[in-house]
Amino acid sequence: MRKAPRTGEFYAKQVSMAVALLEVLNQLLENVAAKTQSLTQFMFYLAESKREFTPLDTAMFKNCEKIRSVVNDYVQDRKSGKRKASVANNSDILSLFLSNQEVFTDDFIVDELIDFFGAASVTTMNATQTIVAHFIKEPKSLQRVRSEFKKIVDECDKEDPSLNLKNLSRQELLDKVVTLDKIVEFDFLGCVISEAMRYMPPATESSNFEILEDFTSHGIRFQKGDEVVFVFDTLHRNSKQW
Amino acid sequence: MLGKSFIATKADQSWKEKRKASGHAFYKDRMGHMMDTLKKTIMISINRWMDEMAKSTDGTYDIDIDSEFMSIFARNIITISFGEDVSDEKFEI
């Protein structure tokens, strides 16, 4: 595995889009870990630190600008047809944005792609690690997930013996059994995932929601224009409210 | 860096409109392709771990879960969001 270069080194280099994105992600994570406890605190830190930039901040902002320009160049290449999506049926998110250019402006597409990348990769990575840690601590739970998988393979085999599931490689088994229609049958695994989300939510807080009209709920008065944030981290552990 | 993206801005009317249009990303056929991408990415990593395990003298291979999972999910999300296939090992992540 490649160790991430220190801040600043990256900026000077011409790097591929994938590496550039990961670099900014690493820096974000380092900054969150070094200065704050959560992403929200990190946002506040960024807002407050506008008065006085440290060299690290300046380098990071430059990197952010660089990232945006790399992503923007890529989006322009796709728009002009210079590059094409390599995912089947153009089912990638950029193709979706480009197919509806009345709603999605260039700036918005860049915002959203970086958003999807940052939000989706770190959350799935953390959630999966929580689940793996759970399986290591609770082998019985892992055993149950494996039994469930075996049961579903047996059922598929009975339903359609022509699949010949007994003699398949791991890859073929994955392709034939773990399908979008079948995954809903993995009840216990679904519970493990839900519980992992509750116990260790990969996103601890929601985005800001704007109240559009005055109303009162549970004795709390909300006014038009108020902003509300849901804090999943504490809500999930509060038996009175959850 | 995130500009006016979904997670960095408040949910107002313009957010609602864009959120609705983005909902198409999670229609079933797209989800199916996303799942295929994920399966492909995961299998590349698993096969590499298996190869390393077979090569070692004691039949074990230590992995750093953090960096390995980072590699799997970052590749996966790049493919899903940008439509760029980075499953090739030549992309170091």
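How much space lies in the second largest pocket?

Modeller: About 510 Å³ lies there (probe spheres set on joined grid points fill that volume; a pocket is an open set on a 1 Å grid where a 1.4 Å probe fits, with protein on both sides within 12 Å along at least five of seven lines). The lining has 18 residues (an atom within 4 Å of a point). Closest to the centre are Ile220(A), Phe222(A), Val228(A), Phe230(A) and Gln241(A). Four elements of chain A give two or more residues each: β1 (209-210), β2 (215-217), β3 (220-222) and α10 (232-235) (DSSP runs, H or I of at least four residues for helices, E of at least two for strands). By type, the lining holds eleven nonpolar, five polar and two charged residues (Asp, Glu, Lys and Arg are charged; Ala, Val, Leu, Ile, Met, Phe, Trp, Tyr, Cys and Pro nonpolar; the others, Gly among them, polar).

The model is predicted: local features need pLDDT of at least 70 and side-chain atom pairs 80 or more, while totals for chains, interfaces and linings use all residues. Residues count from 1 along each chain as written, chains are lettered from A and ligands numbered from 1 in written order, and side-chain values use heavy atoms, without hydrogens or water.

Also in chain A is helix α9 (187-199). Its buried residues are Phe188(A), Val192(A) and Ala196(A) (under 20% relative accessible area, 1.4 Å probe, protein chains only). They cover an arc of only 80 degrees, which puts them on the same side of α9(A) (directions from helix axis to C-beta atoms). They pack against α6 (106-137) and α7 (139-159) of chain A (heavy atoms within 4.5 Å).

Terms used: Expected span 1.5 Å × (residues − 1). Buried < 20%, exposed > 50% of the residue type's maximum accessible area, 1.4 Å probe, protein only.
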